[in-house]
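Good morning, and thank you for coming.

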Protein chains: 2
Amino acid sequence: MAQSTPEAGSGRVPAEAVQEATVPVPAAAGSGPISHAIFRLARLHRMFAGQLLRRIGLHPGQELVMMHLWELGPQRQTDLVRLLDSDAATMTRTVRRLEQAGFVRRRPSPTDRRASLIEPTAASHALRREVEQVWSRLEDISTAGLSDDERAAALRTLERLEHNLAVAAADSADADPQR
Amino acid sequence: MAQSTPEAGSGRVPAEAVQEATVPVPAAAGSGPISHAIFRLARLHRMFAGQLLRRIGLHPGQELVMMHLWELGPQRQTDLVRLLDSDAATMTRTVRRLEQAGFVRRRPSPTDRRASLIEPTAASHALRREVEQVWSRLEDISTAGLSDDERAAALRTLERLEHNLAVAAADSADADPQR
DNA sequence: GTCGATTGCCTGTCTGAACAAGTAAATCAC
DNA sequence: GTGATTTACTTGTTCAGACAGGCAATCGAC
């Protein structure tokens with residue numbers, strides 16, 4: 001988040017200052033306004049989520065692993081990778097850190113000696129409500145001042161952009177099938 | 001991006017498969033639908049930008065530094081940090097890598113012996129058009145099938161969400177001014 | 001059964017991003 | 001001018017994420 005607001009620290013933040021901080025890339029923004037907006041929104045959103053998660057002892061990304069484990073029960077790493085559309089290498093390290101933090105435990109799979117089952121610990125269940133509060137807080141903040149209709153419209157917009165990118169990714173993926 | 005589409009690789013990707021890949025977090029998504037949509041959109045967008053940038057020899061983030069240098073001319077690192085709303089430490093390393101890649105050069109500031117001026121090299125100017133093409137391509141893909149009105153509406157939506165988060169960030173920043 | 005391919009997982013490496021801490025130069029207060 | 005503070009930058013550490021490579025267990029074709 002860097003220095004957030006250099007001139008702040010004392011009193012109220014004027015609306016212009018917020019507007020300023022909202023548009024950190026005024027110069028090169030002319031090129032792709034929507035792309036730039038996605039980029040900036042993503043930055044802020046991730047930063048905010050990171051702040052909230054830090055207070056409960058999780059790093060961004062770890063909460064998603066835990067949520068899946070809480071909902072679905074013990075999973076192999078491969079399953080987690082598929083659920084999160086993540087990377088096996090990243091999952092190896094994320095699980096190890098969660099294990100070191102005491103939030104998950106590994107148990108050898110009874111049917112496949114290559115795999116191990118990752119399961120949430122009892123200690124982790126205390127986190128669950130906090131994680132849900134973080135998500136709910138994030139949602140409230142993001143959609144502050146929006147009516148139900150506007151939220152539905154915003155969701156459709158986001159999903160439409162996502163769908164466009166997903167289709168393009170799938171197209172370019174089977175355009176060069178060298179993997 | 002991981003394995004994109006496990007069952008693909010042969011022919012066309014059915015719409016359901018795209019939809020599947022579009023929603024990698026179906027389970028825990030019920031909590032904050034908009035937050036989740038932002039998260040997924042951001043992931044895809046970043047991944048796509050990364051793919052395009054990789055072909056021209058840049059890593060995500062580096063292109064923003066270069067765009068500012070091309071537009072504004074030589075800048076101190078502090079200026080770049082402020083323009084990108086980034087971090088001084090990150091900027092130190094990013095500039096070093098761009099320097100090693102031959103895209104920027106450092107020159108000591110004539111007026112401030114603490115600072116150095118970062119300037120784009122002649123070699124870097126060949127990149128400029130390619131970077132602009134990447135941004136334009138990304139914009140086209142993201143907004144495919146949207147009318148001008150819909151693009152404007154999407155932009156307003158994104159900026160509204162961004163504004164909400166920016167205000168909340170500013171508020172929580174001057175709520176605890178211990179920094 | 002045996003051999004080859006696939007699957008599950010790990011390590012190494014490189015990148016951005018964030019935080020903490022430190023150094024050196026410039027600026028401000030007196 | 002002297003001392004305290006601020007500024008510009010660097011380094012160290014830790015995290016996620018992506019890619020390459022590698023090992024061992026499993027599965028499939030034969």
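Let us begin with the surface. Chain A exposes about 9,500 Å², and carbon and sulfur atoms supply 50% of that area. Please bear in mind that this is a predicted model.

Turning to the interior, buried residues account for 47% of the 179 residues in chain A.

How many helices and strands does chain A have? There are 7 helices and 3 strands. Read from the N terminus, the order of elements is α-α-α-β-α-α-β-β-α-α.

If we take the contacts in chain A between residues at least 6 apart in sequence, 50% of them join residues at least 24 apart.

I now come to the helix pair. Two packed helices are described by the angle between their axes and by the distance between those axes. In chain A, helix 3 covers residues 62-72 and helix 4 covers residues 77-84. Their axes come within 11 Å and cross at roughly 110°. Angles of 65 to 115 degrees count as roughly perpendicular, and helix 3 of chain A and helix 4 of chain A are therefore roughly perpendicular to each other. The crossing is right-handed.

Which residues make this contact? Helix 3 of chain A contributes Leu64(A), Val65(A), His68(A), Leu69(A) and Leu72(A), while helix 4 of chain A contributes Leu80(A), Leu83(A) and Leu84(A).

Conventions. Residues numbered from 1 in each chain as written. Chains lettered and ligands numbered in written order. Predicted model: local features only at pLDDT ≥ 70, side-chain atom pairs only at ≥ 80, totals over all residues. Heavy atoms only, no water. Helix = DSSP H or I, 4+ residues; strand = E, 2+ residues; numbered from the N terminus. Buried < 20%, exposed > 50% of the residue type's maximum accessible area, 1.4 Å probe, protein only. Contact = heavy atoms within 4.5 Å. Areas by Shrake-Rupley, 256 points an atom, 1.4 Å probe, with all protein chains shown as cover. Axes fitted to C-alpha atoms, helices over the stretch in contact; angles between N-to-C directions. Parallel < 35°, antiparallel > 145°, perpendicular 65-115°, else oblique. Left-handed = near helix turned anticlockwise from the far one by under 90°.
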